[in-house]
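Trainee: Could you take a close look at one part for me, the salt bridges, and talk me through them?

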Amino acid sequence: MTMLIYDGSFAGWLTTVFEVYERKLPTVHIMAADRETPDAFAARMQVITDEAKAARVWNGILRHSSPDTGEMIWRAFLSELAGVEDTLLVMVRYLFSGIADAGKNYGHPAVLETTQTARKVWREKHRMEAFVRFRRLGDGLFYAGVEPDHNVLPLIAPHFKGRYADQQWLIYDLKRKYGIYHDHATGEVREVNIDTGEGQRSNDETLLDPSEPAYQELWKAYFRHTAIPERKNLKLHLRHVPRRYWKYLVEKR
Amino acid sequence: MDWERIREKLEILSDAAKYDVSCSSSGSKRVNKEKGLGDTNGMGICHSYTEDGRCISLLKILLTNHCIFDCAYCVSRKSNDVKRAGFTVDEVVDLTINFYRRNYIEGLFLSSGIFSDADTTMERLVRIARRLRTEQRFNGYIHLKAIPGASEELLREAGLYADRLSVNIELPSDQSLKLLAPDKDPGSITRPMSYLSGAIAAAKDEQAESSKAPVFAPAGQSTQMIIGATPETDRDILYKAGSLYSGFGLKRVYYSGYVPVLRDERLPAQEAQVPFLREHRLYQADWLMRLYGFRADEIVNDEAPQLDAAIDPKLSWALRNLDLFPVDINTAPYELIVRVPGIGINSAKKIVSARLFGRLDWDQLRKIGISVGRAKYFILCRDSKPRPGDLQAQTIRQRILSQAQSKFVNQFTRQLPLF
């Protein structure tokens, strides 16, 4: 048993897969450095991310499966669930075993688990696209802070870029301490990393655009009045809008 | 801006619009051109949910609730004593844009009371859509209500700006419409429907030939009917829906369980319950027609004119057609697998894909996500045991009901309040 510690990035994980094959390691346990739980009985090895090795594995995956399967592996990886790196390694080994269309065999446990994990991440991606609420700040920036369970900012960036092309916006992951920022002048979305209380920006009333509280009030009024009291069904409501998302939602605070 | 006044209008005009149940924002793909605002991605997004559990995707409002008609089922009817209000064009545009920029909504669903004649009302709706599309360069979703009796010129222009248009059929039969909406003649509803259906189909053909051809209501048209206010059976309702799907190519028919808000001897008493369960079963039946390949007369017919309240319509159909079962999961065509109770579209697709790698067993089927508790009476798989004689429909029904403790029972039958 070898414990492989990598930097938590997708390229880092791909490099780890490369090392597993290169060194013919039979049993491994892959862990991101910041989620490492020590194991006194296993050999420990630090993997240094190497773009070239990562690319070789990635191309191998695509060659042995399809762009869809590759995309699915990436999405499942972004789940950051404990043990997902190991499941994905089993998945890759199965893909590399040479069985045609192996990625579509939902009867195989790793394929099924990867599919289901990818779907979980995709669901949260969809929820984030729905539940992000921008606040307009005095300098014209539309700001939203989020704390998703999975690392979905890379997945939602294209959606917001396409939609708010004429707008300057920032979506900040308060848990992972990075954000995606759209500069409408250049049209680029880039990752930003501001450790100094970026998440607090929008909570400071003095930073808000003067009209912001008014539009929030209007939205709350709309939310109340578009409901039909005779049909009230809080159980259903909660299933669609789980409590852990309420903190983002203007209308639920 | 007079925020207080705007808020009051918004409250009145969203209150008046909320009985239109559609809030779909799917079916249209509009890309954001040259750094304009917004797009529609084809899937639709629910940005929130009301406390009654319905999707909030659009800003759904009436332009005004002043109305010259006196339809018995409508809160905005002329003779009803409610607060009236009307938005200006600017106000609707401003609200839409500012809600959209904050990611509250996918777009606008605009309807209106008929404040003078049909064309004047329709023209105002079209003007708002035009402003959004041209001045504001807005590519988000727009659903406009086509006012019964509006001219074809206005409908044509509406279709150029809107993603979806809808004319409400209101009630499942012409007799009921005459009784409850004496100002509306059935023809004033079906004529615009028929015009839109032709225009949508023609625009699709032109699009297929040249992508430069103008789009016309790319998300199609939909309609709504109120159920439970009049005596039609489920068969009448679903046959009507079936004919709207096939005759006018509608994207969706919405069923709105009548909420008894008005006192009128032609309507159910105000104490009547909203028919939630019936509405739910109708939607299930509707899904079977649109996505599972069922015909209306397979779901309801002269022998079974009402949907079974206790079980879903697919199970109900299967129990009436036991001679078609059991089907072998490892050989049956997709079309038949998708008809098995307990197997949805996603699972059926996975089964058809996974069985190429080997014959599937119960454990794999369970992991794929089928509901084995229901499906087991209708399928065979690799490790099926020979069945102990054929089960009767009644027995299967009892067993499924007793083990499932129908999850809908609690959801749809509420306790009456004590006071």
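Mentor: Happy to! Let's start inside chain B: B:Arg374 and B:Asp312 form a salt bridge, with their closest N and O atoms 2.4 Å apart. By salt bridge I mean a side-chain nitrogen of Lys or Arg within 4 Å of a carboxyl oxygen of Asp or Glu. B:Arg374 sits in helix H14 (residues 372-375) of chain B and B:Asp312 in the loop between helix H9 (296-299) and helix H10 (313-320), so the pair ties together parts that are 62 residues apart in sequence. Helices here are DSSP runs (H or I, at least four residues) and strands likewise (E, at least two), numbered from the N terminus. B:Asp312 is buried, at 15% relative accessibility; buried means under 20% relative accessible area, exposed over 50%, and partly exposed in between (1.4 Å probe, protein chains only).

A word on the source: this is a predicted model, where local features need pLDDT of at least 70 and side-chain atom pairs count only at pLDDT 80 or more, while totals for chains, interfaces and linings use all residues. Residues are numbered from 1 along each chain as its sequence is written, chains are lettered from A and ligands numbered from 1 in the order in which they are written, and side-chain values use heavy atoms, leaving out hydrogens and water.

Also in chain B, B:Asp15 pairs with B:Lys18 in a salt bridge at 2.8 Å between the closest N and O atoms. B:Asp15 is partly exposed at 26%, whereas B:Lys18 is buried at 6%.

Between chain B and chain A there are eight salt bridges, including A:Arg231 with B:Glu279 (2.6 Å, N to O).
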